Amino acid sequence: MKIKGSTMSRNRKESPGYLSVRKAAVLFAAFFAAGIYNAGKVAAQDITEKNMRFIEYDGFPEGSSAWNSIGYNPHDNTVYVGITDHRDKVALYIYNASKDNMQLKGFISDMARLRDFQWQAKIHTKFVAGKNGEMFFATDGGESREEYFMENPKGYAGGFMLKWDPAEHKLTNLGMGLQYESFKDVDIDTASGKLYAISYPQVHFLVYDLQSNDLKDLGRLGSTHVPRMLFTDRWGNCYYVDWRQRLVKYEKSSGKLLFAEKSLPAFEGTPGGYIVTGITAFAKDEGRGVIYLMTYGAKVIAFYPQEHGIGRVEDLGGALDIEGNEKWRYYIPNLNVGNNGKLYYLVGGHGMYAIKDRSVFVEFDPKLKKPKILFEYPSTVFVEATGCDTKDKEGNLYFAGKRNVPKSERNRGNLGELGDRPTVPFLVKFNPDKTVQ
Amino acid sequence: MKLFFAAALSICALQSSAQYDFWTPKEAFAIEVSLENASPMKRLPINRNAITALAVSGDLILGGTSADKGLAPFVFTASLVKRELTDFKDMEEVVPGQARIRSGFSKGNNNTFYAGTIPGDLSKGGGHLIAVKLSARGEIEIRDLGVPIPNEGVFSLTIDAKKNTLYGISYPTGIFFSYNIATKTTRSFRDIVPTRKDLHTLDEFVLGPDNYLSKALVESNQGLIFGSFPINKLFCFDPKTQSFQILSDSIPEVWGRKSLGQVESWAKARDGKLYGGNAGDGQVFELNPITKKVKNLGKPAMMPHIKGLAFARDGKLYGVSGGVPGYTHLFSYDNNKGFVDYGNPEFDMVAPGIEQGIKWRGFRIATLTASEDGKYVVMGEDESLSQLLVFVAEGK
């Protein structure tokens, strides 16, 4: 299968002049972060611009973003990212944290041997590691084009589950999920190798047995909007939320869904559309036996899972509190926990900003239950981050970041994201305890 | 207000730049019927609540469900005014071993509704006819009328209320039967049972009884009972002569796909004309019950299935087409505008714990009906946790 897009346009985008502009922009971003670093807003005096680094993706100038398509492979200390042009081209990048090296491994449609009618617009799921170092993820139609076209020749066939074998540099197509449906997230029970998945737009919870090729549809759990996050506990149970924002647990010992009695905490006045969207990010602190959750209504929650039954939930308060803003109205589809036990996340993106057209990088201390702004960025430097629980063996935290393209840079490449401003993606590496530059 | 718009804008931003608008009738709502671990609220538990039979009686929606393998279905009521589930009865406590109520509800005398069941294991007994009475508060009383055809379920059902007689088709064989409610006598007929040759053909296409037996029956104003049988044929049964007529016109077909022909729903217009839906390819057709001629009105959407049809007080025929693996499209048909596709119905759901309201989008709808005055059009979902979607038709 040929790579889509004309040679002429690729050459133009990959011209030295163009690349130099992109690299300059990323360097500018990092330095600009330092420039706007405001002593009055510093949470921890030892965290400076040198604790954060933006790493760009070479070789795919059309690539505009990643949405939660990031994950860590502990077997070889690598970070996986899926970068999309938001149309029909998705690239797999692997960052080797030990070698400090980012590599483009190829394009999903080629490596998974997909035909044109099986086009995929995104990887929307995180990457999850199997017990032998293989990485699992799944594909997405990208919303606008996939819904309703269905059996039309322009329609969307459905999302695929995929496995990357880093030893063989080989992508294996594990097949489709539900016909016409995308995947918004996956997770894995490493002991059994079972994959958990959530479909879009019908919000069906799926369990896929790699050994038997059995795909079980446990039914619809959501309302009009698909919560984007699945997560597992250390026993391999999987969690999601229903339309009341109640935790739903797939208990692997029984193979059944358990529903929490109560909804997760939410601020009074949180609109229903925020409630049904549920959890936008999570991060596990295995040592403390806690999984931190971020809701679309901007609550930080500590969840203490247990092998059987639904575990304890603790409301840690708001993710950010800026005067004049509703407490529930902060866009935070990302979360990491540092080795210091503190949470880190970027607030902003998708048209929702804590401060007009600026995103803020926040440290949250679960003990104090308080957020503190570390950095503040204009959207043309760092607008949005996605990704959860992505930490390498040295305690470096990773986010899939992107920035809006300023008007002065436009028309230099086809960087458009459907229905949004043009954006440029980059990998964010952050370590609260040491410099990463 | 500013905040509301800001919130709405941000949700839109997250949700997508979708290329459609949801249909917004003046009055519409969703009723949360199913929810796991819902106590103290009344809700149906997971995997037992696919709403496959519906009727409306005054303020009450009467529903019958289908359950997953090994589980029992429910009969339930919900209030249109209160917009909540009012009562439910576990069929396991009424007639053990039943799995599905998919016959619809046929209204008889004394405000009694009749339905049929399909058991989970036909070797252990047949499906039952049941009589359901509702109190003004929605409390349900079910009477077991027994098994009309031994070791067969009740797949479809209709009633001639004047004659106090039910007519049905058994599952999986496809035996037509009549049941006199007063005398409790059953007569069975094998006239529309698929022939061995037809069964062989259907088997070649890997089609089972759910794919070829008539999913709905209707009584014309002349007292004839209409339905379909393989392959792609229409019949009528004349209770006076106790005989069948095979119509010369068949179900509208897509060339080469005749074996999929199956009537899935019926509605009767004020003028007595019958309107049917073909499950196989999703055509709606008009059947003149006197001339017995069929007119193909076309397909409201590209998908197969017409799982429900009903006339509302605005004179329009409403229906649901599509379904798994696609989504349901709610549509209307009238002579002026032809088909109008409203897409997935998405209405507001308000209930304790979600007082601010959430949007509920009906992806998979199993059945549709209208209240007797045509004011309310009610749809039931076919999900692991199924809900009701209701809208008020225009007019008085």
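Two strands are taken to pair if DSSP finds at least two bridges between them. Strands themselves (E, at least two residues) and helices (H or I, at least four residues) are DSSP runs numbered from the N terminus. On this basis, strand E25 (residues 317–322) and strand E26 (residues 328–334) of chain B pair in the antiparallel sense over 6 bridges. Within this pair, B:Gly319 has B:Phe331 of E26(B) as its bridge partner.

The structure is a predicted model, in which local features need pLDDT of at least 70 and side-chain atom pairs count only at pLDDT 80 or more, whereas totals for chains, interfaces and linings use all residues. Residues are numbered from 1 along each chain as its sequence is written, chains are lettered from A and ligands numbered from 1 in the order in which they are written, and side-chain values use heavy atoms, with hydrogens and water left out.

In general, strands of a sheet pair through backbone hydrogen bonds, either parallel or antiparallel.

Another open sheet in chain B is formed by 4 strands in the order E12-E13-E14-E15, and its pairing is antiparallel. Its edges are strand E12 (153–160) and strand E15 (185–189) of chain B, each of which pairs on one side only. From one strand to the next, the twist averages 25 degrees. E12(B) pairs with strand E13 (residues 165–171) of chain B in the antiparallel sense over 7 bridges, and B:Val154 has B:Ser170 in E13(B) as its bridge partner.

In chain A, strand E4 (residues 90–96) and strand E5 (residues 101–107) run antiparallel and are joined by 6 bridges. A:Asn96 stands opposite A:Asn101 in E5(A). The two strands form a hairpin with 4 residues between them, and A:Asp100 in the turn has a positive phi of about 50 degrees.

The contact between the chains, defined by heavy atoms within 4.5 Å, takes 47 residues from chain A and 47 residues from chain B. The area buried between chain A and chain B is about 3900 Å², of which carbon and sulfur atoms give 57%; buried area is the accessible area (1.4 Å probe) that two parts lose on being put together, summed over both. A:Arg220, A:Trp243 and A:Arg244 supply 20% of the area that chain A buries against chain B, more than any other three residues.

Between chain A and chain B, 4 salt bridges are counted, each being a side-chain nitrogen of Lys or Arg within 4 Å of a carboxyl oxygen of Asp or Glu. A salt bridge joins the side chains of B:Glu32 and A:Arg244 (2.7 Å, N to O). On the side of chain A that touches chain B, strand E14 (214–220), strand E18 (256–263) and helix H4 (272–275) of chain A each supply at least two residues.

Backbone geometry was also examined in several loops. A cis peptide bond with omega of about 5 degrees joins A:Tyr200 and A:Pro201, and A:Pro201 lies in the loop between strand E12 (194–200) and strand E13 (204–209) of chain A. In chain B, the peptide bond from B:Pro230 to B:Ile231 is cis, with omega near 0 degrees; B:Ile231 is found in the loop between strand E17 (225–229) and strand E18 (233–238) of chain B.

Notes
Axes fitted to C-alpha atoms, helices over the stretch in contact; angles between N-to-C directions.
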